[in-house]
Each structure stands twice: as C-alpha cells, then as structure tokens.
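Please read it alongside the sequence and the model.

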Amino acid sequence: MGEHPSPGPAVAACAEAERIEELEPEAEERLPAAPEDFDPGNTGYISTGTFRSLLESHSAKLDPHKREVLLALADSHADGQICYQDFVNLMSNKRSNSFRQAILQGNRRLSSKALLEEKGLSLSQRLIRHVAYETLPREIDRKWYYDSYTCCPPPWFMLTVTLLEVAFFLYNGVSLGQFVLQVTHPHYLKNSLVYHPQLRAQAWRYLTYIFMHAGIEHLGLNVVLQLLVGVPLEMVHGATRIGLVYVAGVVAGSLAVSVADMTAPVVGSSGGVYALVSAHLANIVMNWSGMKCQFKLLRMAVALICMSMEFGRAVWLRFHPSAYPPCPHPSFVAHLGGVAVGITLGVVVLRNYEQRLQDQSLWWIFVAMYTVFVLFAIFWNIFAYTLLDLKLPPPP
C-alpha cells in the first residue's frame, strides 16, 4: 500500500541475513555479498564516511524518510564509526533500541515537513497516514511506519476474532430463537464455550467464552471497538503484540471472575476489548502533546462514555433476576481484568513501537505481575472453592 523502501547496500552483504525488503523487479540488484567489503578488519563497525558514501550512491532507491533516519544514525556517532548490526537492524525494521537511539541521539535536525502536510497521496496512503496519526505520538515514528507499512500481512487477528464472534452469535441466535438479551434464554449456559464455575476444570472455557455474548447490544459495542481501535493498533504494532494484549486481557478477565465473583459465569469479549481500549487511551493521555489525532479530547470522552455504558449494562445484568436460578447472570468483573492488563502490559507494548519488549525493564515487571496473578488464580481455583465450602450453582 505504501511505497516499499529499497534495501540498504550493506544489508544483503550479511551472509546469513534474509532478504528484508521487496524490490520491484526492475529495481532489483545484487549488492556486495559480504560485510568484509565495508569492514575489512572485521571489527563490527563501519566508518561514517563509508556509510555516507553508500547512502549517496543508493539515495535514489531510498525513501526520503528512511534516508533521514539513516543520516541521523550517522550523525549520532561522534567517534566516526557505526555499529554494523545497528545498520542492519535499522534497514530490516527490527524492533531494537538502535532505532530509538539513532533518533534521540542524532544531532541532525530531521525534515521539518510533517507527514500530514504531504500532498498528492492515494487513498491507501492517506489511510496509512491516518492510522499513523491515530496511534503514534512521534513524528519520526509516523514517518517510519508510513514508509515501511506494506499491509502484508493484513490485520488478520482482530478481523478473524471479530468474524468468529459474529458467526457464533448468529448461530446461537438462530438456535435459541433470540438475539436481544440472548443471555436470558434458559438454555443459554448449556453452550460448551461459556465459562461456568462448576465447569472451571475445562480450561478452554477461560478463553472461548469470548465467542458468546449476552445479546446483540453486547456484541455490537465490542465489535465496533475491536474494529475502530483494535485493527489500527494491529496495523501498527502487529498481530503478535496486539494479540498478546488481547488474549492476556481475555484470560485475566475470566480468572478475575473466578477469584472475585466465584459463583457467576462469564461471556463476551469485553476483557480483551477493554485491554486494548484502555491501553490506547492511557497511551494518548501519557503522550498528549505528541498525539495529533483530531478531536482527541472529544473522542476520548465518547470512548469513555461507551465503555461506561457497557460496564453499567453488565453490572445491571449481573444483579438482575436470573433466568436460570440459582445461577446468576454473567459477571462484569472480566471488564476490570481487561482494564488492568491494558494499563500495564498494554501500555508498555504501545509505548515501544519498533523496540524490543525484552529490552524494557517495565515489561518484565508487568509480565512478572501477570504471571503471579495467573498462578495465584490457578491455585485459588484448585483449593479455595473447597476451603471456603462455597455452594456453587449446578452445572447447566
């Protein structure tokens, strides 16, 4: 969709390096085959002079924004040498600290022309630019994303999850003969995807409950938020990272219910949705001056109102007289579990575009906290129900 930057001259030189970017057939050429061509002494560094001459000789093949970043990398090394691996990482778009260091330490002023000011863009280019301004707080990150995004692969994770949720809802609606407040049907909980406290030993239910929704009013808001927030985030940060946050929110939601609302079942994808939305909103607040999305205050207010209405609906439904006593209606605690994941793991993911998460100490702190919570919830489910002599509703 966006223009495809050509590979740097030294990237193909690394014997074990894969071909990192696609060239159009007429632009393809073989570049020097070994890093020794640039680093005869095998020191792991190349001189900035050699680096600049390579950039000049291949400047016609590089996108202007990527060329600016590479020049910033050269200017950031006052000792006249550039780490060869830093260069490879930059050209291959690897998530590493070298990208951020090249920008933050560079003493060259990057082009003052903002991406938003560029004219003559196609519809797909305008869409990519819009996504960049919706999700990224730094102009250089927006330019880098705009240049490197190829829509390959597409945002398949959020689209697949959404389609599955809609398909399961329609199937259940036809089977039960009910689409509004589907959860009030006496046979609703008989579905093997729903999390039920009596069936908590069936581990898949801690995840598959996202494919069951209380009704079309429940599904509708979750689908809208997944598409409007989840898809752009996946376009920028990738399916692996966004899928990790989403699934972590889903699992945290069901485990939170099993600890804090022990007699209630769980349905709906709100745990994952609230993880993504709360992470995105927190990222906007933490980078308020850098986020250039239009009407951000109004849109944040609308998002919070929608989330509050959905949460209020869930609370009302939980305490509404049950259609299948003595089992109550599904719990609302999964929403809170999703929010907790979003403002911890989710924020770290969204704040570290093009950086390795394993290099961030805060990432490991939150991963440790999440792991401790999961282990605690597992032991709670094994022992607490018996120790507390809790009377659970019968299985559906």
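Patches are made of residues with over 30% relative accessible area and no salt bridge, like charges being joined within 9 Å and nonpolar side chains (Val, Leu, Ile, Met, Phe, Trp, Tyr) within 5 Å. The model is predicted: local features need pLDDT of at least 70, side-chain atom pairs count only at pLDDT 80 or more, and totals for chains, interfaces and linings use all residues. Residues are numbered from 1 along each chain as its sequence is written, and side-chain values use heavy atoms, with hydrogens and water left out.

- A nonpolar surface patch is formed by Leu375, Ile378, Phe379, Ile382, Phe383 and Leu387, which together have about 640 Å² of accessible area (Shrake-Rupley method, 1.4 Å probe, only the protein chains shown counting as cover for residues; a salt bridge is a side-chain nitrogen of Lys or Arg within 4 Å of a carboxyl oxygen of Asp or Glu).

**Cavities and pockets**

- On a 1 Å grid over the protein atoms alone, a cavity is a set of points where a 1.4 Å probe fits but cannot get out, a pocket is an open set with protein on both sides within 12 Å along at least five of seven lines, and lining residues have an atom within 4 Å of a point.
- Grid points are joined across faces, edges and corners, and a volume is the space filled by probe spheres set on the points.
- The lining of the largest cavity includes His218, Arg313 and His335, and its largest share, three residues, comes from helix α11 (residues 296-319).
- The second largest pocket holds about 540 Å³ of space.
- Of its 24 lining residues, Glu134, Leu228, Val229, His280 and Arg299 are the closest to the centre of this pocket.
- Helix α9 gives the largest share of the lining of the second largest pocket, eight residues.

**Backbone geometry**

- Most residues other than glycine have a negative phi, and most peptide bonds are trans.
- The peptide bond from cysteine 152 to proline 153 is cis, with omega near 5 degrees.
- Proline 153 is in the loop between α6 (139-148) and α7 (156-176).
- Cysteine 151, found in the loop between α6 and α7, has a positive phi of about 60 degrees although it is not a glycine.
- The peptide bond from proline 325 to proline 326 is cis, with omega near 5 degrees, and proline 326 is in the loop between α11 and α12 (333-351).

Methods: Helix = DSSP H or I, 4+ residues; strand = E, 2+ residues; numbered from the N terminus.
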